[in-house]
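Subject: Structure for you to look at

Hello,

Here is the structure I promised to send over. Please open it and keep it beside this email as you read.

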Amino acid sequence: MNKTLITIGGTLTLLVFLHLLAASEACAMHISEGILPYQWAVFWYAVSAPFVAYGLHRLNVISKEDLSFKPLVGLLTAVVFIISCMPVPVPIAGTASHPCGTGISGILLGPSISVLIASAALLLQALFLSHGGLSTLGANIFSMGVIGSFSGFVVFRSLRTCRVNLPLAGFAAGIIADWATYAGTSAELAAGIRGDASFFPLFSRILIAFIPTQLPLGLLEGVMTAGMMSLLYRKRPDLLVKMRILEPGEVGS
Amino acid sequence: MHVFSDYSGKTHILTKGDARLKLLVAVSLLVMVLSHRGFVFALVVTGASLLLCVKMRAPVKVFVLRFSEPAFIALVLCLIKFLFFGRDALFTAHLLGFTISGYRDGLADGLLAAARIIGAVSVITVLGFATPFTELMSGLSWFRVPKGLIEVLMFAYRYIFMLLEDAMVIYYAQKNRLGYSNFRRGLTSFGILAGSLTLKAFEHSQNATVAMVQRGYDGHMPAMQHRPFKVSEVIATVFLIVVMGCIWEM
């Protein structure tokens, strides 16, 4: 009897651990290929398409005035690709995860271009690394590109309007962009895999499963964004003026 | 990151095929895998894809790395569905006041979801192994994927390896100076690393633009040329899609 109890207890513990780990892994590395039923895959493509189309429109408009803009967007795509491929150990969870990077691109180039950057980075990861997938590309673009970029941008601009300094505004924007991305991913996952079950219990379960990984990871993304803002301000303030993050009068003050 | 490199079996017949047709087959199979109600079709696709990977001599290490994450997700999703979703209980156990049940319908759903994940990943893996990047971009442009997105993808692909090299140099320099000796220092170092990469991206973009303008760049990449379709390849593609469609129908 005792042996049976130990076996069941051990199995249960393992399953709970796997449950927590799996939800984190599934989203930390984007929603994997094949998880979403095709109706949901099509739905998220349709939702993301207008944002990508607007990003492309903005890219073409700006590129006509500035020939270096397309190479810059391509290079920032490479940066987001590398950042979101970089596994960072998360001590509390005992696992590794990665930041999104779209909060930063949203702040620097604006959210519409950042959606385009996320789309390109996610497409490359899906095709050549099996991170995410083609069928889940729409869902991943919406969570990482649209939600991450817009939330980071809005938080950063709002704080800057309230005269909060650059690193602190970057820190808050990085945190919110990361946490909002994972909340969005949780909602997409819950909607996609719930079957006949109700949405909210599963959504909250996935959200809770993320906490051990995403809480510190959000802080990491915040620190990273703050560090980046601080470095850009010290080394190349002219770029921040060009990106309309700083007014010309603020440089050197 | 080494899994990203061009590991396509260059001498294999599949690698020499038209990228547009390969994309068409891949997307068709993806739709079939995701829309099929049983898991047998996904397993057939997985088996065929694995066989192709072996024939293309895909390195085992790369192959395992690419499959480990989706396989793990598939396994756990299957377990979650088995234990938390369903009505038809297969077993029930009482432990410390908790009731744990495993459901027959949940297990069926879980197996279906797991098979779909592995099947879909297999298809994309074969596509990735069998198609060089530039040909894939050319194929996407033929399918009217917006030119702006293709250009961004081309620039990104060109600079990923260069920036990655820069990132590794900075990372090892930080590590040698105990930049990651504790969590707090690690955070600061990672922030500096990300900031340095962004600065390098700006610098590279300026230098690349100057170099390209000197060579006649006017804001647009030259249009990609598409070779005419080979009749034999088109027939093979249609045959493959029809055969898989028949299996899907069964």
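Below is what was found in it, part by part.

First, a caution. This is a predicted model.

**Where the chains meet**

Start with the contact between chain A and chain B. Chain A puts in 67 residues, and chain B puts in 69 residues. Five helices of chain A each supply at least two residues to the side that touches chain B: α1 (2-28), α2 (38-65), α3 (69-83), α5 (111-129) and α8 (199-235). Of these, α3(A) gives the most, with 13 residues. What kinds of residue make up that side of chain A? There are 46 nonpolar, 15 polar and six charged residues.

**One helix pair across the contact**

Now zoom in on α5(A). Its partner here is helix α7 of chain B, residues 147-176. The two pack at an angle of about 60 degrees. Their axes are 10 Å apart. The crossing of α5(A) with α7(B) is right-handed.

Which residues make this contact? From α5(A) come A:Leu116, A:Ser119, A:Ala120, A:Leu123 and A:Leu124. From α7(B) come B:Leu149, B:Val152, B:Leu153, B:Ala156 and B:Tyr157. Sorted by class, nine are nonpolar, one is polar and none is charged.

**A buried helix in chain A**

Next, find helix α4 of chain A, residues 102-109. Eight of its eight residues are buried, so α4(A) is largely enclosed by the rest of the structure. To be buried, a residue needs 20 or more other C-beta atoms within 10 Å of its own. The buried residues are A:Thr102, A:Gly103, A:Ile104, A:Ser105, A:Gly106, A:Ile107, A:Leu108 and A:Leu109. What do they pack against? Their neighbours are α3, α5, α6 (137-161), α7 (166-193) and α8, which belong to chain A. After α4(A) comes A:Gly110. The phi of A:Gly110 is positive, near 95 degrees.

**Two domains in chain B**

Last, turn to chain B. The domain assignment gives domain 1 as 2-142 + 226-249 and domain 2 as 147-214. How far apart do the C-alpha centres of these domains lie? They lie 33 Å apart. The contact between the domains takes four residues from domain 1 of chain B and five residues from domain 2 of chain B. On the domain 1 side, three residues are nonpolar, one is polar and none is charged.

Over to you.

Best wishes

Key. Residues are numbered from 1 along each chain as its sequence is written. Chains are lettered from A and ligands numbered from 1 in the order in which they are written. This is a predicted model: local features need pLDDT of at least 70, side-chain atom pairs count only at pLDDT 80 or more; totals for chains, interfaces and linings use all residues. Two residues are in contact if their C-beta atoms, placed from the backbone, lie within 7 Å. Helices (H or I, at least four residues) and strands (E, at least two) are DSSP runs, numbered from the N terminus. Ala, Val, Leu, Ile, Met, Phe, Trp, Tyr, Cys and Pro count as nonpolar, Asp, Glu, Lys and Arg as charged, and the others, Gly among them, as polar. Axes are lines fitted to C-alpha atoms, for helices over the stretch in contact, and angles run from 0 to 180 degrees between N-to-C directions. A crossing is left-handed if the near helix is turned anticlockwise from the far one by less than a right angle, and right-handed if clockwise. A residue is buried if 20 or more other C-beta atoms lie within 10 Å of its own, exposed if 12 or fewer, and partly exposed in between; C-beta atoms are placed from the backbone. Domain bounds come from an automatic or database domain assignment.
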